[in-house]
Amino acid sequence: MSTVDIKVNGRALTVPAGTSILKAAKLAGCKIPTLCYHSDLEPWAACGICVVKVEGSPRMVRACATMVTAGQNYITDDPEIHQIRKTVIEMTLADHPQECLTCARNQTCELQRLAAEYGIREIPFDRRVKRLPKDESTPSIVLDPSKCIQCGRCAQVCQQLQDVWALEFIGRGEKTRLMPSAGVVLNESPCIKCGQCSAHCPVGAIYEKDETDLLMNAILDETKHVAVQMAPAVRVAFGEAFGMEPGEITTGKIYAALRRLGVDAVFDTNFSADLTIMEEGSEFVERFVNGKGELPQLTSCCPAWTDYMEKYYPDMIPNFSTAKSPQMMQGAVIKSYYAKNKGIDPKDIYSVSIMPCTAKKFERVRDENMKSSGYSDVDLVLTTRELSRMIKTFGVDFVNLPEEDADSPVGKYTGAGTIFGVTGGVMEAAVRSAYYLITKEELSNVNIEAVRGMDGVKVGEVDIKGTKVKVAVAHGMANVKAVLDEVREAKEKGLEPPYHFIEVMACRGGCIAGGGQPYGTEDDVREKRIAGLYKDDEQSEFRCSHHNPEITQIYKDYLGAPLSEKSHHLLHTHYTPRPVYQK
Amino acid sequence: MAVDTAPQIEFSKELESFIEEWKPKPGNLIMVLHRVQEEFGYIPREAAIKVSQLLDTPLAKIYGVITFYHFFKLDKPGKYNIQVCMGTACYLKGGEDLINEMENLLGIGVNEVTDDGLFSIESVRCVGCCGLAPVMIVDGEVFGKVTKDELPEIIANYRKQG
């Protein structure tokens with residue numbers, strides 16, 4: 001790799017060729033403010049706050065989108081630059097509502113932080129704040145165009161990372177809006193509810209639908225038995241809201257905090273991730289060994305992916321695993337098996353999930369199959385962000401909480417369940433148990449390295465006693481197309497499918513970087529959260545789903561066997577082709 | 001491959017072969033949209049959907065383009081679209097007065113259509129004959145050095161044609 005010698009504020013530095021001034025300055029320990037830039041996205045120099053000087057040149061350049069040139073000295077801050085940046089902030093604030101105290105992004109807003117850092121005390125321009133209606137049409141996210149600063153991150157992430165194209169710049173000049181096209185609201189658009197727009201929005205223009213009041217009300221309601229489940233990815237990100245490092249495993253503290261809020265039972269979605277493996281793994285064995293059903297089998301845990309598939313690849317419905325997602329399985333067993341065990345009428349149970357994901361709010365009400373217990377299997381979904389706000393409201397000293405255990409009998413989990421939260425994890429967990437289901441022998445090394453890591457598409461072969469199982473893993477919705485088009489092409493030509501089993505997660509890195517996770521998710525944070533989940537896996541007493549004693553118990557006491565009639569009723573679903581534009 | 005039913009709109013043979021010809025070329029979207037507007041007088045939603053399918057381009061991208069350029073219209077104009085020039089010369093010579101008077105006479109605003117579908121008013125930038133300022137174009141016919149007093153007669157003539 002060729003390198004170039006440059007200077008940042010007079011200090012000599014050698015960086016790889018093609019490095020942006022912004023990144024070079026970071027390497028030199030100099031912070032340049034940014035607003036439209038995000039490390040997940042291509043820089044496109046919209047806001048102008050990252051301007052720097054090149055020594056000897058009369059004009060300033062934007063650090064995010066300008067690559068370094070050998071021999072140049074970049075000045076990242078001086079009174080003149082400071083004044084220009086201040087003006088950029090003042091102009092942005094001129095048409096921004098000053099509602100910080102009641103805004104969803106109070107204290108997490110990047111614009112608010114910049115205004116504080118640059119000491120803005122007044123805005124020397126005419127205030128031109130527009131009042132525009134919110135789009136609250138989806139169950140997952142809210143668009144508030146009055147707060148939008150038109151940085152374009154949401155459209156970029158929706159188009160580049162997710163290839164969904166629900167959001168676009170519509171109109172021109174003052175009237176420009178980031179919104180769905182063709183005159184529809186978000187819920188009628190191609191939106192898959194992944195919430196990556198809300199995770200990337202620097203201000204309060206796109207945010208998760210806040211439903212924390214509903215949990216408070218349920219806790220206050222004496223007649224309700226509030227049962228909560230928590231998804232795998234939540235445990236390695238939750239602490240961030242309380243100043244802890246990304247990747248710190250806070251499972252026991254979250255259980256404890258939930259009990260401090262006053263919920264009646266705390267379960268873990270990792271248990272139902274193990275249950276998913278038993279069902280989905282058995283389904284794969286049926287397809288692969290017994291030839292019943294189409295190959296490849298596609299995973300169905302991710303509701304944003306499910307929505308995408310129903311809209312863009314409905315021809316793949318026969319390939320989709322009929323297994324519900326862990327969230328919906330957990331809800332179903334809470335209101336059937338657990339209710340029966342405890343002698344509680346399921347109508348009195350209020351089933352809540354804590355999820356890293358905004359699409360889970362939509363999944364809860366996808367269709368009638370989500371009421372397999374006779375009631376809504378999940379009554380409420382809160383994102384990681386919402387729960388962390390609630391814990392703060394309740395004055396719980398999260399960092400110093402003692403660790404507690406989950407309730408039984410649907411709370412215990414294995415390492416296979418916990419890695420559901422990372423790209424490749426569902427595949428790895430499935431292989432660990434499929435090996436056993438096919439051979440009745442245990443895998444000697446349960447670490448499936450081929451499916452780990454941050455490559456957008458990972459391809460591998462798993463040797464099951466001489467039989468090769470070809471697997472593919474894709475994450476970040478835009479990476480799915482290449483894999484599925486390969487499958488489609490083989491099908492059209494009447495060839496063998498290129499893969500037997502494909503895992504898809506809509507978000508880059510998997511659920512650890514879901515649209516409902518704490519703000520500030522970039523690749524370094526993703527890596528730390530991922531390391532946290534693999535650590536949780538390695539520290540687990542059991543690392544294969546079929547070893548979970550509570551899994552053995554639920555099949556013995558209640559479900560019978562994987563793919564039994566009862567399992568099918570409670571734990572499986574079906575899919576429907578849907579138009580990309582609902583209107 | 002999505003389930004969207006075929007859009008309920010017919011393109012002429014010429015338009016279809018134009019799209020076929022331009023499909024592999026870079027910059028095809030704007031060329032195609034120009035032709036679509038030429039054919040329909042505006043870009044009907046169904047046509048945008050059809051173009052999206054024919055060019056394999058997201059509908060959002062098409063709307064990004066047609067809402068960015070003033071030239072593209074999302075609503076069906078009147079049978080006689082009255083384009084009043086608001087370029088610098090025409091503006092100085094009273095283009096705005098023409099628009100105001102036209103709005104009074106027809107009872108509609110700019111970018112609106114009369115109830116009978118006959119007239120619409122559009123404010124356009126320089127049409128390239130500043131010597132005739134203020135200029136107005138109706139259905140391709142150019143009117144130069146127009147005064148407010150002439151407007152009722154111009155409208156009446158078109159109304160007679162129906």
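# Close-up views of a predicted two-chain model

**View 1. Helix α7 of chain B is hardly covered.** The model shown here and in the views below is predicted. Helix α7(B) spans residues 151-161, and of these 11 residues the number that are buried is 0. Directly after α7(B) comes G162(B), with a positive phi of about 75 degrees.

**View 2. Chain B is divided into two stretches, domain 1 and domain 2.** Domain 1 of chain B covers residues 13-68, and domain 2 of chain B covers residues 80-161. Between their C-alpha centres the distance is 29 Å.

**View 3. Helices α1 and α2 of chain B pack against each other.** Two packed helices are described by the angle between their axes and the distance between the axes. For α1(B), residues 13-22, and α2(B), residues 28-40, the angle is about 175 degrees and the axes are 10 Å apart. An angle over 145 degrees counts as roughly antiparallel, so α1(B) is roughly antiparallel to α2(B). From α1(B), the residues in the contact are L15(B), F18(B), I19(B) and W22(B). Their partners in α2(B) are N28(B), M31(B), V32(B), R35(B), V36(B) and E39(B). Sorted by class, this contact of α1(B) with α2(B) has 7 nonpolar, 1 polar and 2 charged residues.

**View 4. Chain B touches chain A.** Chain B contributes 14 residues to the contact, and chain A contributes 18 residues. On the side of chain B that touches chain A, the elements giving two or more residues are α3 (45-55) and α4 (59-68) of chain B. The most comes from α4(B), with 7 residues. This side of chain B has 9 nonpolar, 2 polar and 3 charged residues.

**View 5. N111 of chain B has a positive phi.** Most residues other than glycine have a negative phi, and most peptide bonds are trans. In N111(B), which is not a glycine, phi is near 65 degrees. N111(B) sits in the loop that runs between α6 (95-106) and β2 (119-124) of chain B. N111(B) counts as partly exposed, because it has 13 C-beta neighbours inside 10 Å.

**View 6. Domain 2 and domain 3 of chain A are in contact.** The domain assignment divides chain A into domain 1 (3-77), domain 2 (92-208) and domain 3 (213-571). The centres of domain 2 of chain A and domain 3 of chain A, taken over C-alpha atoms, are separated by 30 Å. In the contact, 19 residues of domain 2 of chain A meet 25 residues of domain 3 of chain A. On the side of domain 2 that touches domain 3, α4 (153-161) and α5 (196-200) of chain A are the elements that give two or more residues. Of the elements on this side, α5(A) gives the most, with 3 residues. By class, this side of domain 2 of chain A has 8 nonpolar, 8 polar and 3 charged residues.

**View 7. W165 of chain A has a positive phi and is not a glycine.** The phi of W165(A) is about 60 degrees. W165(A) belongs to the loop between α4 and β7 (168-170) of chain A.

View 8. P296(A) is in the loop between α8 (269-288) and β12 (297-298) of chain A. P409(A) is in the loop between α12 (384-393) and α13 (415-418) of chain A.

**View 9. The largest nonpolar core has 182 residues.** Within this core, V228(A) and A506(A) touch the most other members. Helix α10 of chain A, residues 326-342, supplies the largest share, 8 residues. Apart from neighbours within four places in sequence, A506(A) is in contact with Q162(A), I192(A), C194(A), C302(A), A304(A), W305(A), Y308(A) and M477(A). Another core, of 15 residues, lies apart from the largest one and includes C85(B), M86(B), I99(B) and F119(B).

Terms used:
Residues are numbered from 1 along each chain as its sequence is written. Chains are lettered from A and ligands numbered from 1 in the order in which they are written. This is a predicted model: local features need pLDDT of at least 70, side-chain atom pairs count only at pLDDT 80 or more; totals for chains, interfaces and linings use all residues. Domain bounds come from an automatic or database domain assignment. Two residues are in contact if their C-beta atoms, placed from the backbone, lie within 7 Å. Helices (H or I, at least four residues) and strands (E, at least two) are DSSP runs, numbered from the N terminus. Ala, Val, Leu, Ile, Met, Phe, Trp, Tyr, Cys and Pro count as nonpolar, Asp, Glu, Lys and Arg as charged, and the others, Gly among them, as polar. A residue is buried if 20 or more other C-beta atoms lie within 10 Å of its own, exposed if 12 or fewer, and partly exposed in between; C-beta atoms are placed from the backbone. A nonpolar core is a set of buried Ala, Val, Leu, Ile, Met, Phe, Trp, Tyr and Cys residues joined through C-beta atoms within 7 Å. Axes are lines fitted to C-alpha atoms, for helices over the stretch in contact, and angles run from 0 to 180 degrees between N-to-C directions. Angles under 35 degrees count as roughly parallel, over 145 as roughly antiparallel, 65 to 115 as roughly perpendicular and the rest as oblique.
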